[in-house]
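Trainee: I'm new to this one. Could you show me how to read its pocket and its sheet?

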Amino acid sequence: STPTGSSPSPTAPSSPEETGPSIDPSVNGVPFSSERDNAEGIWQIDKATWTDRGLEVTITIQVTKGELSYSFFCLDNKSTQSYDPMRITDPNALNPGRLGAGDSVTGLVVFDKERGPTTVYLANGSGRQISALKAEA
């Protein structure tokens with residue numbers, strides 16, 4: 001019989017929370033690599049909500065290598081229709097731009113579309129897809 005109350009090992013696994021970039025990939029972040037731009041980093045959707053304007057997403061991009069010209073678009077997962085972001089005047093609007101290694105940016109992107117399952121795409125300055133995340137709203 002085995003003794004009760006004894007633990008097989010007193011050592012705990014190392015904690016992964018203490019390492020890594022400022023974006024937490026376990027939340028909704030994903031690494032990206034753009035060979036065309038020779039850039040790498042992590043991006044995430046911090047928040048996604050449906051409003052009278054459509055799908056509003058707060059996005060953070062962090063570049064760890066190279067320089068990235070970025071833009072966005074989304075696809076409706078049912079109709080596969082593509083949507084470009086609306087031009088908005090919000091002070092925190094995230095418009096297409098450029099980031100260098102070590103730089104990060106957070107801002108609001110709005111897509112004028114019907115409510116429904118949506119995938120948001122990080123694209124380069126020419127609109128070529130780099131990475132995609134589902135907008136969980």
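Mentor: Strand 7 gives the largest share of the lining of the largest pocket, three residues. Strands here are DSSP runs of E, at least two residues, numbered from the N terminus. This is a predicted model, where local features need pLDDT of at least 70, side-chain atom pairs count only at pLDDT 80 or more, and totals for chains, interfaces and linings use all residues. Residues are numbered from 1 along each chain as its sequence is written, and side-chain values use heavy atoms, with hydrogens and water left out.

Trainee: What counts as a pocket?

Mentor: On a 1 Å grid over the protein atoms alone, a pocket is an open set of points where a 1.4 Å probe fits, with protein on both sides within 12 Å along at least five of seven lines; lining residues have an atom within 4 Å of a point. Here, the lining includes Phe72, Met86 and Val109. Strand 4 (67-76) and strand 7 (104-111) each supply at least two lining residues.

Trainee: And how do I read a sheet?

Mentor: Strands of a sheet pair through backbone hydrogen bonds, either parallel or antiparallel. Two strands count as paired if DSSP finds at least two bridges between them. In this model, four strands form an open sheet in the order 1-2-3-7, paired antiparallel.

Trainee: How many bridges join strand 2 to strand 3?

Mentor: There are 11, linking residues 39-51 with residues 54-65. Threonine 49, for one, has glutamate 56 in strand 3 as its bridge partner.
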